[in-house]
Amino acid sequence: MKILLTGASGQLGQEWQRLTNDRDDIILWPYTSSQLDITNKKQVESELHGRQPDIVVNCAAFTDVDGAETKKELAHQVNSEAVANLAELSSELGFKLVHYSTDYVFPGERADREKCPDGYPEDYPADPINWYGQTKWEGEEAIRQTATDYLILRLSWVCGRFGGNFVKTMRQLGREREELQVVNDQWGSPTFAENVVQNTVALLQADKKGTYNITSRGLISWYDLAEAIFELSNIDVELEAVTSDAFPTEAERPHFSKLNTRKLESISDSQIIDWRDGLESLLKQL
Ligand SMILES: NC(=O)c1ccc[n+]([C@@H]2O[C@H](COP(=O)([O-])OP(=O)(O)OC[C@H]3O[C@@H](n4cnc5c(N)ncnc54)[C@H](OP(=O)(O)O)[C@@H]3O)[C@@H](O)[C@H]2O)c1
């Protein structure tokens with residue numbers, strides 16, 4: 001498989017490079033944002049014409065959820081328009097487009113926790129509550145309308161050894177402070193970067209197409225996750241559970257964003273891990 005990877009310096013982009021480094025069956029061409037800006041149509045077209053990859057894995061995205069509320073145009077260009085361009089090129093040049101999306105496409109209402117106790121299935125109606133989610137949804141839709149061979153992989157609460165994420169932030173804050181407040185009214189599950197790449201490769205090897213959710217098993221709040229991080233890291237900090245009102249943010253956050261992984265479970269070689277096992281393994285790597 002000849003794969004061109006965008007967003008190479010992000011959490012997922014770096015994990016892709018680490019996990020494919022010693023694989024003979026995958027040739028990976030990673031591009032950071034300065035090497036390939038996905039909003040630059042001409043540059044993208046010329047690079048894809050030159051490389052002729054079998055697959056494009058798009059890890060590039062505008063991921064600053066609060067920043068998207070003020071940088072609306074830029075978020076839209078990266079998450080919607082550039083993705084629509086990749087989808088068009090995918091049909092024109094015949095490569096498979098692998099694109100990562102988000103739990104934030106869903107409405108995230110409190111009541112959905114009872115409605116979908118195992119999480120939102122892939123075909124649950126989207127209804128994003130913030131601009132980031134809206135731009136990611138439009139990117140998804142552009143792919144469905146234009147690309148013939150694609151994988152849209154939805155993730156939630158991504159954490160891994162590279163880049164910034166909740167696990168790393170908590171470990172740092174837990175060591176610096178005596179007390180910490182963490183919200184306990186937002187429910188979901190962490191998705192481990194390593195597991196995302198493993199499952200993406202499994203889907204590619206099974207030649208699957210369409211939309212899939214990828215996340216860990218279990219349903220927890222950010223508070224539960226923080227508690228486990230401190231327990232497993234032997235960090236002694238006073239943890240207080242608070243509601244989302246304690247941390248007003250530019251962008252509204254979903255109360256429920258668990259993704260249902262039943263569809264992924266049916267794929268041979270897919271690996272759904274328990275959230276605590278994924279966390280333990282990540283903490284050993286940090
Ligand atoms: N993080 C999460 O919790 C989460 C949750 C659900 C879904 N996702 C999705 O998962 C995917 C990967 O996320 P991640 O956590 O790996 O994000 P990340 O660490 O923020 O990485 C995103 C990368 O995209 C690059 N980028 C931004 N604009 C670009 C442009 N115009 N052209 C090319 N590259 C550009 C960034 O470059 P710079 O390094 O130069 O900034 C960065 O390296 C995204 O599609 C995201 O929406 C993430």
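At what angle do the axes of H1 and helix H8 (residues 193–205) cross? Here are my notes on that and a few other points.

1. **The model.** This is a predicted model, in which local features need pLDDT of at least 70, side-chain atom pairs count only at pLDDT 80 or more, and totals for chains, interfaces and linings use all residues. Residue numbers start from 1 along each chain as its sequence is written.

2. **H1 against H8.** The two axes cross at roughly 60 degrees and come within 9 Å; axes are lines fitted to C-alpha atoms, for helices over the stretch in contact, with angles from 0 to 180 degrees between N-to-C directions. The crossing of H1 and H8 is right-handed (the near helix is turned clockwise from the far one by less than a right angle). Gln11, Leu12, Glu15, Trp16 and Leu19 of H1 meet Ala193, Glu194, Val196 and Val197 of H8, where contact means C-beta atoms, placed from the backbone, within 7 Å. By type, the contact has six nonpolar residues, one polar and two charged. Here Ala, Val, Leu, Ile, Met, Phe, Trp, Tyr, Cys and Pro count as nonpolar, Asp, Glu, Lys and Arg as charged, and the others, Gly among them, as polar.

3. **Around the ligand.** Of the 26 residues around the ligand, those that come nearest are Gly7, Gly10, Ser33, Ala60 and Val158; a residue belongs here if its C-beta atom, placed from the backbone, lies within 6 Å. Helix H1 (11–20) and strand S4 (96–102) are the elements that give two or more residues to this shell. H1 supplies the largest share, three residues. The shell divides into eleven nonpolar, twelve polar and three charged residues.

4. **The whole chain.** You will find eleven helices and twelve strands, taken as DSSP runs numbered from the N terminus (helices H or I, at least four residues; strands E, at least two). The C-alpha atoms fill a box of roughly 55 × 40 × 35 Å along the principal axes. Buried residues make up 43% of the 286; buried means 20 or more other C-beta atoms within 10 Å of a residue's own, exposed 12 or fewer, with C-beta atoms placed from the backbone.

5. **Two backbone spots to check.** Asp207 is not a glycine, yet has a positive phi of about 55 degrees. Asp207 sits in the loop between H8 and strand S10 (210–213) and is exposed, with 8 other C-beta atoms within 10 Å. Asp269, also not a glycine, has a positive phi of about 75 degrees. Asp269 lies in the loop between helix H10 (262–265) and helix H11 (275–285).

Terms used:
Two residues are in contact if their C-beta atoms, placed from the backbone, lie within 7 Å.
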